Amino acid sequence: MKTVNVGIIGGGLMGKEAASAFGRWFALKDYPVKVQLTAVCDIDQKALNWYKQIDSVSLLTTDYNELIHSELVDVVYIAVPHHMHESMYIDILQAGKDLLGEKPFGIDLAAAKSIAKVAKENGRFARCSSEMPFFPGPQRVVAEVNSGRLGRIIEIKAGFLHASDMNPTKPINWKRQSAYCGEIGVMGDLGIHALHIPLRLGWKPQSVYAHLQKIITQRPDGKGGMANADTWNNATLSTRVNLENGDTVPMSLEMKRLAPGETNTWYIEVLGTEGGIRYSTKDIKALWTYNWNGGKEQSWQRTDLGFEVPFPTVTGGIFEPGFPDVFQQMLAAYFAEREGELTGRFGCVTLEEAIASHEVFAAALASHEHNKTVQLEETVVQD
């Protein structure tokens with residue numbers, strides 16, 4: 001079996017999650033390629049120590065140039081602050097490596113287009129991360145929409161909600177500073193999660209009206225003082241989507257770091273004239289299906305989902321999945337697509353979708369600044 005060697009740049013939370021997924025790659029059943037972690041880069045030597053327990057890792061370095069030019073690496077997974085995306089993603093691609101980059105795939109629209117351009121010029125396979133669609137519930141939502149059983153689409157809602165910024169004494173970090181996170185703020189952190197499935201279903205917003213909120217604007221700097229926290233905490237977007245049948249429908253998007261009571265809640269709801277479908281990670285097994293029942297008594301029916309993931313594993317179907325499982329599913333989708341073995345299954349965020357998401361975020365910034373609805377320009381890069 002072919003083996004693909006992977007290097008990780010950014011050895012923190014997401015790097016360890018990726019390493020964990022590679023370490024149990026054997027759990028995937030009948031998967032077409034073996035994937036192993038061979039190299040890790042982080043500027044913090046202490047962060048690298050954790051990776052010494054992984055036998056397949058033979059390169060630990062604080063210099064990412066050493067990793068991207070190493071023959072030990074075919075593919076790079078990178079999780080670094082947003083202001084570093086453009087230069088580092090481009091360096092990886094120009095070094096002849098394929099790329100799975102963390103969202104938002106560039107600090108802004110111009111950076112995302114620049115990365116995509118270099119990927120195409122160099123013939124590299126590049127995708128952006130987005131884990132939540134790989135839960136069984138979102139997969140069923142996509143299937144239900146594609147089945148046509150919902151009738152004419154009436155309304156779409158999607159969002160990702162955190163309460164991670166609720167504590168005002170939480171120290172400042174790069175995600176709370178525009179210089180490092182980007183002017184798009186919370187949209188860069190959570191937006192692609194909310195937009196991945198809508199964009200894959202062809203529901204790219206044609207117009208946006210945005211309400212953006214900066215709620216907590218100062219945080220402890222860790223040195224006894226206070227620092228400006230100048231990123232948007234919450235984004236509520238009211239958009240319009242043109243469907244293939246000519247209908248124009250509303251699509252609501254929420255991306256919030258100050259959502260009381262929410263820890264890591266991703267959701268999507270699609271309502272049609274003949275049916276509806278609703279899923280939220282807040283109740284991870286529950287898929288809700290609306291039945292119009294031909295005009296008789298209406299109902300919302302709950303279905304408890306099992307371990308029905310796109311890439312089968314040794315885990316029994318009666319069990320429920322968690323974040324580490326869908327993270328591995330996302331990685332499985334990346335490497336399957338890279339090998340031409342996706343076979344109709346849901347894939348990672350494409351370059352075109354990453355750019356489309358940035359177009360929505362840029363329109364949202366303009367909408368909020370001028371307090372008006374903003375029309376989106378056509379996407380210029382085809383993937």
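This is a predicted model: local features need pLDDT of at least 70, side-chain atom pairs count only at pLDDT 80 or more; totals for chains, interfaces and linings use all residues.
1. **Two domains.** Domain 1 runs over residues 3–128, while domain 2 is made of two stretches, 132–318 and 345–370. If you take the C-alpha atoms of each domain, the two centres are 25 Å apart.

2. **What the UniProt record says.** An unreviewed UniProt entry carries the annotation "domain: Gfo/Idh/MocA-like oxidoreductase N-terminal" for residues 4–124. In the model, that stretch is 36% helix and 21% strand, with 15 Å between its end C-alpha atoms. The unreviewed entry also lists "domain: GFO/IDH/MocA-like oxidoreductase" for residues 141–278.

3. **How the domains meet.** On the domain 1 side, 21 residues make contact, and they touch 24 residues of domain 2. About 2,000 Å² of area is buried between domain 1 and domain 2, and carbon and sulfur atoms account for 72% of that area.

4. How many salt bridges does the rule find across the interface of domain 1 and domain 2? There is one. Its partners can be picked out by eye: the side chains of Lys-103 and Asp-189 form a salt bridge, at 2.8 Å from N to O. The rule also finds nine residue pairs in polar contact across the interface of domain 1 and domain 2, counting pairs in which both residues have pLDDT 80 or more.

5. **Which elements line the domain 1 side.** Helix 5 (109–121) and strand 6 (126–128) each give at least two residues to the side of domain 1 that touches domain 2. Helix 5 has the largest share of that side, with five residues. Sorted by class, the side of domain 1 that touches domain 2 holds 13 nonpolar, three polar and five charged residues.

6. **Lys-103 and Pro-104.** Please look at Lys-103 again, this time along the backbone. A cis peptide bond joins Lys-103 to Pro-104, with omega at about 10°. Most peptide bonds are trans. Pro-104 sits in the loop between strand 5 and helix 5.

7. **A salt bridge between Asp-98 and Arg-124.** The structure holds 21 salt bridges. One of them pairs the side chains of Asp-98 and Arg-124, at 3.0 Å from N to O. This pair ties together distant parts of the chain, 26 residues apart: Asp-98 belongs to strand 5 (residues 98–101), and Arg-124 to the loop between helix 5 and strand 6.

8. **Asp-30.** Here is another backbone detail to check on your screen. Most residues other than glycine have a negative phi. Asp-30, however, has a positive phi, near 55°. Asp-30 is found in the loop between helix 1 (13–23) and strand 2 (34–41).

9. **Arg-152 and its surroundings.** Where does Arg-152 lie? Arg-152 is in the loop between helix 6 (136–147) and strand 7 (153–161). Setting aside neighbours within four places in sequence, which residues are in contact with Arg-152? They are Asn-245, Asp-247, Leu-271, Gly-272 and Thr-273. Met-187, by contrast, is 35 residues from Arg-152 in sequence and 29 Å from it in space, C-alpha to C-alpha.

Definitions and conventions:
Residues are numbered from 1 along each chain as its sequence is written. Side-chain values use heavy atoms; hydrogens and water are left out. Domain bounds come from an automatic or database domain assignment. Contact means heavy atoms within 4.5 Å. Buried area is the accessible area (1.4 Å probe) that two parts lose on being put together, summed over both. A salt bridge is a side-chain nitrogen of Lys or Arg within 4 Å of a carboxyl oxygen of Asp or Glu. A polar contact is a pair of N or O atoms within 3.5 Å; within protein, one must be able to donate a hydrogen and the other to accept it, and residues adjacent in sequence count only if both atoms are side-chain atoms. Helices (H or I, at least four residues) and strands (E, at least two) are DSSP runs, numbered from the N terminus. Ala, Val, Leu, Ile, Met, Phe, Trp, Tyr, Cys and Pro count as nonpolar, Asp, Glu, Lys and Arg as charged, and the others, Gly among them, as polar. UniProt positions are given in the numbering used here, feature names are shortened, and annotations may be inferred rather than shown by experiment.
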